[in-house]
Amino acid sequence: MWTAKVRALGAAQTQLRGLEGAAAHDALLAAAMHGLQGAGDEDQPLANRCLEAAALLILGLAEDKETTQDQAPSTPRRPGRSLLRLEGATPARALLRALCRAPLEAGDEGAAAAAAATAWHWLAAALGPVARSAVLEELAGAWRGAIAARRGIYAGGAAPHAGFAADAEAQRGAATAADAALAAQLPADAASLRAMRAQHLCVAFLLDARAALEGDARAEAQRARRTLAALSSAALEPGAGLGRAAAACATRFRLAQLALRCADAEPGAPAAQRAHRARVSLALDSALEWFDAPVAWHQADGAALREATRAVSAVQEAVARLPIWPASDRLSVEDAKQRLALLRFLLSSELERLAVWESPLDTKAHAAVACDWPTVAQWETLAAAAWIASPRLALALKDRFPGFPALRLELERFVLVNAAAKSLQLLPQAGALLAEMAGEPAAADKLVHLQSWAPLPLLQALAVVNSAGGKKPEVLEYLSRSLHECNPEEVAFFLPQLVQMLRTDHDGVVARFLLDAAAVSVHFAVVLACQLRSEGTPPDEAFDPQVRRSGWSAPKDSGLWQVADKLRTRLMSGLPEDVANLLKDELAYFDDITEVSGKLYPVHKDKRKSAAVEFLKAVELPRGDLFLPTNPDCTVLAHIPESAAPMQSAAKCPILVAFKVHVRQDVHPGFADGEVEEAGSQGSGKEDEEPETRACIFKVGDDCRQDILALQVIGLLKKAFLTAGLDLYLLPYGVIATGYECGIIEVIPNSKSRAQLGELTDGGLAEVFAREHGPPGTERHEAARQNFIRSCAGYAVASYLLQSKDRHNGNIMLDGDGHLLHIDFGFILGISPGGNLGFENAAFKLSYEMTEIIDPARSKTSPSYLHFKELCIKGFLTARSSAESIVATVAMMASSHLPCFRGPKTAVELRHRFRLDLGEKEAAAHMDGLVEAAYGRWTTGFYDWIQYLQNNIPK
């Protein structure tokens, strides 16, 4: 940065040379100010403009209207009379204001924020205390502007402070508290992340300024300290709306550190002592408030992750020096002690969490910050302290530390005792806990309060459905009200689970919700109709098929046949006429294409292709607003008869059909849509773009519902990875069941199975990569290899949790960019080929040839292999934060007669694989061990060899 400062001084001297009179100086200052505000030379980076503005101020000529040309300095001037021009409404002060506000308003665009921070330091060092005070005052104003505009760490909205007061009723009337708190912890978008980085650099400057003021008793130093104290209080005030997005961790804790440093009191001065207590309490409240949201992860570069760890550590050290939480009229001495103990424990656990996330493989670093976990008695004390501070905080601890039953028991007791409190009823997480206890006698007279409880978010509602109390009428009414508040397109993702609930829907609560949602969303109506057909009474041919496959048995009612049939009749008759007509046309059109499969079966194999083309030519597209059932964002323009590709099957003949479609982005905001969440993977949604080609397989004679369940889990994992900013790749392609043993499967574009690639060469995967992506070491090859590593890590986590088996090379795909993809989930959740032989005993497939790509030297020490392991560990840690929703999604299908279910233990074993009983350090070690055990495991290669011998699938 020194070179940049020299260049800035030179540029400033050039601009100043030859200027005469106040008007010329004012014009130069005004031009510099406009440049910082975005009206300057667009070709000149903002970073350069910041440094040049600082140089103009430092040279001092801009303020000194009496300086003549022969006095123009070639070096910075000594502080003098010109510094007074920073006071008041002067051009110099206006330029300084722009210099302080520009980077905070524009965000961290490249090096702009860093250059601005350098400029602030430069001004304070070159011009002394007056300039430092002026910079701090302008930064304080800029910070208040960020609060008002909801930028950066305030972007989540005005989330009310949790209160942290003994009187929980103080939260009464905050009708939007739950929504605001949820918004405050949402993952930050790109603009917010840039603003956060700029704000963090600003806070770092403020901390440096505060350290420089230590021991300085001069008037300007006192003025600067007052400015810093006021700024830190404003930044942490309850009404400021400080967010809890994971990316805000470092900035938030640095602000708390700043407030604690500013909390100096003068002995013997009561007013100063009160201010001291208030500021300490505000800083501690803010630190404690960080933990009132569920654990969230955020991937960033190593420097940013280290800074988050250092920020939390700095607050931990400051808190360790405090004898007690500042007393108040609403907090007893004993409660103050317990609250401080709670914060110390939470900070310790957060340090361990961040250390593991920063360096997943550095066990020494993990040991250095290992957290001491509380005993049962200590959990009870901590739960009580958290509840007194804020019920929201106490309830968040349940999700943050799910492996401790003692904590949950205490929270259940608190919720039962306080169920009638209106302030508690604002918290959905408390309603979820009460609903989950609905089956217990102690909760019987409390369930009436669910009528007025804040509705549950979608995933939390699903977890409640899966609980012991999920079948109680009061709970079902609460769940129905919660689901009505959700976006129908998001709920459609979980329709397989909701249809299962019809089996015990004696009061019709679930059925009413399904019909209501279908009336307002065509996408929902289509998926519901298909789901009801797949769970309804099978056609007569299913009981006496023309072709009986090995192991065939007649269909058995799972308790849904009549229920699904009746609801489908109600659906078709109760929809608005225009919606009903669109639904009928949608179903009829794709039924016509599916029926081509049945027409092809009697045709000789050599003539099926031409017959399929003719059959498809006879199918007409009835209207222009139909969409692919597997992706509602794809509007069908036409099907392509010539694309028909009959496929081999033991029953009827599935066919592949391609469609011309218009892809619309974000029209149907599905919960975990497949490719649409990958930047640039689909069209931009402009109607004048060229149509795209999408292909689907119309499958007959196979139950697609188990594949749908596996892909739901993969979709939830993908959403968790994206939310955390993790660079793991998953592709939950679209599958929908359209009837009994009928379905439509989205074809993954530009991809081939590993078996197909094996037919083209006798070499291994390394040779395939060299042929497809160029020689090792080339840019294209390395980009493909990184994609392979990212996708292998993503599917390693998914395969372990799902226990995906039958992972031969026919079920492993590779796309044109090098991503590895898994398809066909016929054996998951504990079942395996050969009558559950269990031969594939690795946690996931990491075959010899896969390790040749990930770890070319097979040394287990290469940077790429260590990176792969880090991605696997981070993916697993992130997946654990979605454990309850994933377990609920699977458990709700337990009565579906899907082959993967072996009774209640299926969901229990799935939950155990998340290892919620472990802390982050132990969980990371667990996943590390799974990767090591899977590395080139001999049973993996032997299974591929068996498939080659038995089924001629290339190994």
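This is a guided tour of the predicted model above, stop by stop.

**Before you start**

Residues are numbered from 1 along each chain as its sequence is written. Because the model is predicted, local features need pLDDT of at least 70, side-chain atom pairs count only at pLDDT 80 or more, and totals for chains, interfaces and linings use all residues, while side-chain values use heavy atoms, with hydrogens and water left out.

**Whole chain**

Select the protein chain. It holds 39 helices and 9 strands. Helices (H or I, at least four residues) and strands (E, at least two) are DSSP runs, numbered from the N terminus. Of its 955 residues, 56% count as buried. Buried means under 20% relative accessible area, exposed over 50%, and partly exposed in between (1.4 Å probe, protein chains only).

Now consider contacts, meaning heavy atoms within 4.5 Å. Among those between residues at least 6 apart in sequence, 75% join residues at least 24 apart.

**Colour by confidence**

Colour by pLDDT, the predictor's confidence in each residue, from 0 to 100. The chain averages 83, and 82% of the residues score at least 70. Select residues 61-84: pLDDT stays under 50 here, and the model has 43 contacts beyond four places in sequence for this stretch. Then select residues 667-687. Here too pLDDT stays under 50, with 59 contacts beyond four places in sequence.

**Stop 1: α9 and α10**

Select residues 219-236 (α9) and 249-261 (α10). The two helices pack at about 140 degrees, with axes 9 Å apart. Axes are lines fitted to C-alpha atoms, for helices over the stretch in contact, and angles run from 0 to 180 degrees between N-to-C directions. α9 and α10 are therefore oblique to each other. For the cut-offs, angles under 35 degrees count as roughly parallel, over 145 as roughly antiparallel, 65 to 115 as roughly perpendicular and the rest as oblique.

α9 passes α10 in a left-handed crossing. A crossing is left-handed if the near helix is turned anticlockwise from the far one by less than a right angle, and right-handed if clockwise.

Show side chains. From α9 come Ser-232, Ala-235 and Leu-236; they meet Leu-255, Ala-256, Leu-258 and Ala-259 in α10. The contact residues divide into 6 nonpolar, 1 polar and no charged. Ala, Val, Leu, Ile, Met, Phe, Trp, Tyr, Cys and Pro count as nonpolar, Asp, Glu, Lys and Arg as charged, and the others, Gly among them, as polar.

**Stop 2: Arg-150**

Select Arg-150, in the loop between α6 (129-149) and α7 (177-184). Its phi is near 60 degrees, a positive value in a residue other than glycine. Arg-150 is partly exposed, at 28% relative accessible area.

**Stop 3: Cys-530**

Move to α24 (residues 522-535), where Cys-530 is found. Cys-530 counts as buried, at 2% relative accessibility. What does Cys-530 contact, leaving aside its neighbours within four places in sequence? Leu-587, Ile-736, Ala-737, Thr-738 and Gly-739. Draw a distance from Cys-530 to Ala-737: it is 6.2 Å, C-alpha to C-alpha, for residues 207 apart in sequence.

**Stop 4: Glu-741**

Select Glu-741 in the loop between β5 (735-739) and β6 (742-746). Glu-741 is not a glycine, yet it has a positive phi of about 50 degrees. It is partly exposed, at 23% relative accessible area.

**Stop 5: α31 and α32**

Finish with residues 765-773 (α31) and 779-802 (α32). They pack at about 130 degrees, axes 9 Å apart. That makes α31 oblique to α32. α31 passes α32 in a right-handed crossing.

In α31, show Leu-765, Phe-769, Ala-770, Glu-772 and His-773; they meet Arg-780, His-781, Ala-784, Arg-785 and Phe-788 in α32. This contact has 5 nonpolar, 2 polar and 3 charged residues.
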